[in-house]
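Hi everyone, thanks for coming. I'd like to walk you through a structure that may be new to you, so let's bring it up.

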Amino acid sequence: MPKDYKDTLNLPQTDFAMKANLAEKEPQLLKFWQDNKIYEELQEKNLREGKGKFILHDGPPYANGHIHIGHALNKILKDIIVKYHSMNGNYSPFIPGWDCHGLPIELQVDKSLGKEKESIDILRKRQLCRDYAEKFINIQREEFIRLGVFGYWDTPYITMSNEYEATIVREFLTFVKKGYVYRGKKPVYWCPSCVTALADAEVEYAEKESPSIFVAFEIIDKDKIPIKDAPVYMVIWTTTPWTLPANLALAVHPEFTYVGLKSSKGIIIIVKEAVKNIKDKIEIEETPIFEIKGAHLEGIRAQHPFIDRVSRVVTADFVETGEGSGIVHIAPGHGMEDYEVGLKKGFEIYAPVDEKGRFTKEVPYFAGQNIFSANKEIISLLNEKGLLLWEGKITHSYPHCWRCKKPIIFRATTQWFISMSHDNLRGRALEEIDKVRWIPSWGRDRIYSMVERRPDWCLSRQRSWGVPITLFLCQNCEHIIVDEELFEKIISLVEKEGSDVWFKINIHDLLTDFSCPKCGSKEFRKEMDILDVWFDSGVSHAAVLDRDPKMSWPADMYLEGSDQHRGWFQSSLIASIGSKEKAPYRIVLTHGFTVDGQGRKMSKSLGNVISPQEIIKINGADIVRLWVSAEDYRDDIKLSKEILSRLTEAYRKIRNTLRYLLGNLYDYDGGDYSSQLLEIDKWAMHRLQKLIRRVKRAYEEFEFHQVFHAVYNFCVTDMSAFYLDILKDRLYTFKRESPERRAAQWVLYKIANSLIKLMAPIISFTAEEAWRHLPFTKEKSVFLSAFPQIEEKYIDEELENRWNKLIEIRDEVNKALEIKRQEKFIGNSLEAKIILYVNKTVKEFLMGYSDFLPTLFIVSQVELKEEEKLEADFKVSVQKAEGEKCQRCWNYSPMVGKLPERDLCPRCYHVIES
RNA sequence: GGGCCUAUAGCUCAGUAGGUUAGAGCGCACCCCUGAUAAGGGUGAGGUGGUUGGUUCGAUUCCAACUAGGCCCA
């Protein structure tokens with residue numbers, strides 16, 4: 001029985017467990033961060049040292065529901081950036097925010113109120129909404145913290161706080177003072193039965209039977225048409241005859257070809273493609289009398305079928321040939337597309353329908369009638385006039401009120417707007433867009449074309465849960481009261497009491513002795529509409545960045561999903577230009593959306609939702625964080641069970657590499673052994689520098705998946721499979737204090753120290769845990785330590801080239817060894833001796849490494865033999881190693897058995913002896 | 001229906017300013033080790049570069065259409 005020499009070896013020792021057990025450990029690390037205020041300390045230190053700032057301004061999630069994986073992705077991306085910049089000495093205060101007002105919360109509260117919602121006092125209802133938002137802020141705050149996201153969680157910005165609401169009112173009134181705000185009409189969903197406006201979310205689509213009619217409009221201007229001697233009609237199709245009294249125009253597609261056809265009523269004009277359809281309904285001769293392009297019809301006047309009014313032909317791209325006649329009846333007050341045509345062509349936004357769905361008195365024949373029941377009479381009137389070409393029924397999907405389930409209508413109502421054209425707001429917004437860096441770069445085009453085309457910003461909502469439009473109007477002439485002193489009073493009231501105050505104040509308390517500057521009236525009314533919530537979040541730059549002098553304006557970065565090109569990025573831009581003339585951000589970074597393994601969106605109905613809470617419970621928050629870093633966020637981001645299990649394996653590899661490094665530092669003395677490095681140590685140092693450079697560049701460019709891949713590959717390829725494997729012999733068998741072993745430890749320390757920091761912004765929990773196991777650290781948290789810097793003196797490209805050659809030869813040796821292993825000729829590679837047949841060039845190169853080659857190949861002996869007639873530069877032959885196996889280092893040597901300690905090789909013998 | 005975006009091995013990512021056999025790591029298969037051990041090492045097999053056209057002497061790389069998917073609108 002050979003003697004056991006295991007105790008004489010320097011085997012790795014560490015308490016840094018192989019099993020991560022993150023679900024248990026992470027909460028403890030969180031507590032450590034919180035108790036010691038690590039993040040606060042880091043920011044204060046950076047602020048003191050004054051190196052620089054990097055302000056990432058948080059976009060507020062909506063305070064409703066638990067966080068989902070998209071929230072996690074967004075906040076972790078932000079956190080990675082904040083941590084990286086903080087570790088580089090930049091002051092990076094992260095002030096999280098929440099969006100609190102708005103319909104979804106109000107609807108939740110309505111639901112819980114049941115019938116009471118009809119009678120409840122507005123202030124009471126607003127209090128319930130406030131409580132609701134508060135509850136979810138607290139829930140989400142804990143969930144974000146659990147992900148390891150650093151920030152000022154105790155002092156977030158909340159859009160329903162008094163201070164924030166005062167900012168909203170101040171910014172809004174600035175727009176008013178500068179003349180951007182006007183009142184105008186716009187069609188909104190309207191329920192005539194509930195007598196209220198409805199939001200998109202309150203609309204349900206259901207099947208409904210409607211009339212389907214073709215109506216003729218007689219053309220007045222015939223100069224553009226080749227027929228002068230007979231009546232000519234434009235034919236429209238509609239399923240809402242009640243909108244005909246509001247008809248102001250007829251739309252044709254500019255590119256389509258229209259034809260004139262003979263019918264029993266005279267000549268009718270429809271789009272060419274519709275002839276086939278219509279010949280079943282209207283008696284016509286199919287051969288056209290003339291053809292005319294839509295564009296040429298523009299401007300022609302036609303007679304309204306039963307009202308003494310002219311309807312003008314306009315062109316519009318949305319006109320289709322599918323159903324109908326290719327000519328669309330336009331009532332700008334009763335449809336979205338109609339409205340836009342109306343705006344563009346300057347028509348009145350005309351809707352002669354009252355809030356209960358009855359025609360107003362200005363409508364001849366039908367004044368006071370319910371619009372739906374009037375349909376029938378309108379049709380008979382058309383028939384009487386000889387202008388009804390066809391009548392039928394259609395069952396189609398039609399919007400209904402979700403409360404009373406009755407059909408709803410589009411009805412133009414008075415709303416508040418910010419004008420995009422006032423003071424060239426749109427043009428200035430577009431100019432600012434070009435001064436911002438958009439990542440990815442196509443973000444610029446996306447938001448640019450949106451801003452270029454967007455209509456005026458409709459600011460008003462007929463709701464309760466929001467910041468009121470704090471304006472007074474003259475009861476007599478509708479004049480909007482703009483008064484600096486009054487505005488200041490309102491702002492300071494809101495600052496003190498919150499925007500609830502608007503619903504409490506008495507008009508005459510604020511407007512004492514005030515008379516309308518326009519008509520002199522002394523009677524005013526309070527506007528009761530509230531502001532669009534996008535205005536709330538749009539002014540966050542003013543509420544957050546201006547609030548604290550330590551911050552700076554504009555923000556260095558906004559970072560949200562790409563849906564925010566239409567949302568927050570745009571509302572923030574417009575809000576900011578209105579008051580500050582500039583974009584509120586320098587860089588805007590967008591990420592994609594989380595999808596499943598097949599690239600489909602996550603949804604309850606597909607059953608492919610994975611929640612962050614679930615991953616945290618099973619794998620730990622660091623796995624969520626690793627996932628965020630591993631994926632290229634610019635595209636859609638996939639998440640599946642398979643991806644998670646791959647990531648868990650990758651995590652284990654990184655963790656184990658770290659563990660091995662730490663394990664071999666258990667007896668390191670902290671000394672500087674840089675002068676004792678072997679060439680392979682210099683190679684390792686060189687590779688480390690390149691890794692640091694690569695990783696830093698990736699962080700700077702916000703390409704975190706490069707960080708992950710670089711670090712992971714370094715761990716797997718450079719470390720585990722090469723350097724660390726080769727180092728084992730030196731670390732284990734050399735004398736503890738030998739310079740060679742100490743040199744290796746010095747390198748391992750450098751690598752461990754750097755790796756932990758390089759990964760800290762990503763796998764923060766693991767990095768912090770590892771930091772505690774790394775000896776000779778003075779900072780109590782890895783985040784208080786400085787990010788690794790490149791040590792240029794260790795960069796040596798020539799050395800790397802030489803080692804690439806050595807590695808190439810090593811690969812060939814491995815192939816030869818593998819063949820012998822499969823043949824069962826050897827097992828462990830130390831059982832082998834390698835004969836390298838080499839040409840002169842290779843021999844000269846390898847002679848310098850002859851002593852090192854066995855170590856490099858992890859074999860017992862290597863012999864070089866020069867041979868001229870080789871096909872390649874070298875050839876590998878594997879033989880059995882000479883001598884016996886040393887029981888201590890497991891290398892084979894002819895000297896084993898010839899020393900006093902009969903089981904040892906000379907090298908081990910010397911170690912044992914001293 | 002419109003605007004923008006994406007499509008490279010089972011997975012996550014590289015790459016080619018158009019030019020010989022498209023790379024990495026993981027996973028997988030097989031083998032070794034048992035002094036990183038619910039670890040470690042080695043070798044190997046995997047890709048019609050979404051599809052179809054076009055430009056070109058030559059396209060994964062440029063263009064177009066289509067398909068699938070995503071975001072935003074309608």
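What you see is a predicted model. Let's start with the RNA. RNA strand B is surrounded by 56 residues, and the closest are Gly-599, Asp-632, Arg-659, His-705 and Lys-824.

Which part of the strand does the protein meet? Of the RNA strand B atoms within 4 Å of the protein, 82% belong to sugar or phosphate, and the rest to bases.

Here are some contacts to find on your screens. The side chain of Lys-728 has an N or O atom 3.1 Å from a sugar or linking oxygen of RNA strand B. Trp-890 reaches a base instead: an N or O atom of its side chain is 3.2 Å from a base oxygen.

Which elements give two or more residues to this surface? They are α12 (442-453), α21 (641-663), α23 (704-733) and α26 (797-822). Among these, α23 gives the most, with twelve residues. By class, the surface near RNA strand B has 27 charged, 15 nonpolar and 14 polar residues.

Two or more lining residues come from each of β9 (232-238), β16 (327-330), α9 (336-345), β17 (388-401) and β18 (409-418). The largest share, four residues, is from β17. This lining divides into 15 nonpolar, 13 polar and four charged residues.

Technical notes:
Residues numbered from 1 in each chain as written. Chains lettered and ligands numbered in written order. Predicted model: local features only at pLDDT ≥ 70, side-chain atom pairs only at ≥ 80, totals over all residues. Heavy atoms only, no water. Nonpolar A, V, L, I, M, F, W, Y, C, P; charged D, E, K, R; others polar. Near = heavy atom within 4 Å. Polar contact = N/O pair within 3.5 Å; in protein donor to acceptor, adjacent residues only side chain to side chain.
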